[in-house]
Amino acid sequence: MSSSAPRRALNIDNINPHVKEARYAVRGELAVRSEEYRAKLAKGEGKDLPFDTVIAANIGNPQQLDQKPITFFRQVASLLENPLLLEHEDVLIKSLGYKADVLERARWLLKEVKSVGAYSQSQGAPGIRESVAKYIERRDGYPASGSEVYLSNGASSGVNTLMHVICAKPETGIMVPIPQYPLYTATLSVLNARCVPYYLDEGQAWGTSLEAIRTAYDKAVAEGTDVKAIAIINPGNPTGASLPADDIKSVLQFAAEKKLVVVADEVYQTNVFIGEFISFKKALRDLQKAEPGKYDDLELASLHSISKGMVGECGHRGGYFELIGFDPAVAAEIYKFISIQLCPPVLGQCFVELMVNPPKDGEPSYELYRKEYDDILSGLKKRATALYDAFKQMEGVECDSPQGSMYLFPTIHIPPKAVEQAKKEGRAPDEFYCFRMLDATGVCVVAGSGFGQKEGTLHFRTTFLAPGTDWTGRIVKFHQEFLKEFS
């Protein structure tokens with residue numbers, strides 16, 4: 001046998017080409033380099049670096065960046081993982097500071113799931129789904145049913161499920177906001193389906209423009225795309241925008257007109273600093289109430305997660321989606337798809353229940369829960385404002401005031417010489433800028449090109465989760481020196 005003959009079944013040329021085409025910028029090359037810097041500093045080998053800490057502002061990962069877990073949630077979780085502790089109630093309460101409602105909730109959840117080490121129903125534990133339905137009722141003022149709630153492995157898993165079911169052929173198109181969270185374009189690439197981009201209006205605080213949606217839809221249809229759904233992220237990622245009621249209503253009316261499934265990604269619904277969060281479910285029910293019969297067949301899938309908000313339990317992988325208006329036969333196929341994956345993590349399901357049903361006023365754990373929740377929210381607002389104020393100091397940088405989610409998405413204008421240097425290095429200008437920022441400051445952000453942006457515009461996305469506000473000064477200093485170098 002020739003020594004040059006292949007020795008493996010797989011090589012880069014014969015694996016699934018659609019996987020190779022997928023891009024996921026938030027964990028891309030910038031993030032890899034930042035982790036190399038972090039490892040170098042941890043080993044004490046970073047004396048040559050111009051910074052002593054790495055700031056991971058590239059991904060919404062709250063507890064990696066020192067957001068503290070909610071005590072009630074973790075105490076309940078500890079009892080779910082080790083139910084034998086419940087046999088020592090006196091020790092838990094008198095010595096370890098557990099409250100009676102912690103023990104009560106743990107016992108209730110154990111009754112529902114038996115053990116967090118056991119499988120649940122594929123759709124999720126029935127009692128937890130009912131708890132989610134009650135939360136949705138309280139939030140929106142309209143009835144909800146646990147039978148229409150599907151617990152999931154985070155919201156990302158729910159998106160993946162829905163995309164798999166909707167994307168029947170290569171010509172299937174899903175309308176996706178630009179800029180967008182790259183989960184959507186990456187999943188569509190893997191499924192060999194079509195992304196139909198519609199641009200958000202930066203001039204209107206990244207609002208949803210019905211004109212832009214209609215133009216994108218008409219163009220896609222003219223090109224032979226079978227447009228089946230429209231995805232909305234509210235509050236926005238990466239923009240941080242919080243949609244007003246009129247924008248939400250317009251999207252629903254357009255979807256009804258064109259017979260599109262609405263996929264409402266609402267994982268940041270508690271991260272709202274300006275205005276108020278209005279769910280697509282509530283807006284749909286309002287429309288149905290105002291014009292009986294007209295919107296009865298509109299299909300809506302709305303998603304939520306324990307990864308964001310004040311909970312921040314990304315690693316526990318819990319979430320849910322609710323299906324409204326779907327054909328029962330299609331819902332059965334969705335159930336079959338999730339059954340192939342057995343069930344979402346049961347401890348994650350329990351965290352979902354804790355998120356939607358936290359301690360109430362008058363219960364033993366409420367006071368501490370309220371304090372922890374409010375402290376996290378006020379901390380996020382403080383850091384968001386500090387970052388926004390830093391951007392206002394930077395020449396050629398424009399940014400909307402923080403509205404919601406965990407991100408800011410400033411526009412940057414960089415000198416022609418920097419654009420030329422980026423071209424020489426084979427990088428997009430905003431990516432070049434972000435690598436320079438990382439190398440100079442240890443702050444890792446994500447280039448706007450990783451999310452999509454209008455031709456001729458440049459951005460980057462940054463979280464405001466990192467502790468403290470001192471690191472924002474690193475960005476200001478870097479920007480000044482960058483402009484000086486390339487002016």
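Trainee: Which ground rules apply, and from which number are residues counted along each chain?

Mentor: Glad you asked! The model is predicted, so local features need pLDDT of at least 70 and side-chain atom pairs pLDDT 80 or more, while totals for chains, interfaces and linings use all residues. Side-chain values use heavy atoms, without hydrogens and water, and residues along each chain, as its sequence is written, are numbered from 1.

Trainee: How is the protein chain divided, and what distance separates the centres of domain 1 and domain 2?

Mentor: Domain 1 covers 17-65 + 372-486 and domain 2 covers 119-356, with bounds that come from an automatic or database domain assignment. Taken over C-alpha atoms, the distance between their centres is 28 Å.

Trainee: What area is buried between domain 1 and domain 2?

Mentor: The size of an interface is often given as the accessible area lost when the parts come together. Here that buried area (1.4 Å probe, summed over both parts) has 59% from carbon and sulfur atoms, and its value is about 3,000 Å². On the domain 1 side, 21% of the area buried against domain 2 is supplied by three residues, more than by any other three: Gln403, Ser405 and Phe451.

Trainee: How many salt bridges are there between domain 1 and domain 2?

Mentor: For a salt bridge, a side-chain nitrogen of Lys or Arg must be within 4 Å of a carboxyl oxygen of Asp or Glu. Between domain 1 and domain 2, the count is 0.

Trainee: Asp389 lies in helix H14. Is Asp389 buried, partly exposed or exposed?

Mentor: Buried means under 20% relative accessible area, exposed over 50%, and partly exposed in between (1.4 Å probe, protein chains only). Asp389 has a relative accessible area of 33%, so Asp389 is partly exposed.

Trainee: And which residue has its backbone nitrogen 2.8 Å from a polar atom of the Asn234 side chain?

Mentor: Asn234 is found in the loop between strand S5 (226-233) and helix H10 (245-258). Its relative accessible area is 1%, so Asn234 is buried. The backbone nitrogen at 2.8 Å from its side chain belongs to Leu243.

Technical notes
Buried area = accessible area lost by both parts, 1.4 Å probe. Helix = DSSP H or I, 4+ residues; strand = E, 2+ residues; numbered from the N terminus. Polar contact = N/O pair within 3.5 Å; in protein donor to acceptor, adjacent residues only side chain to side chain.
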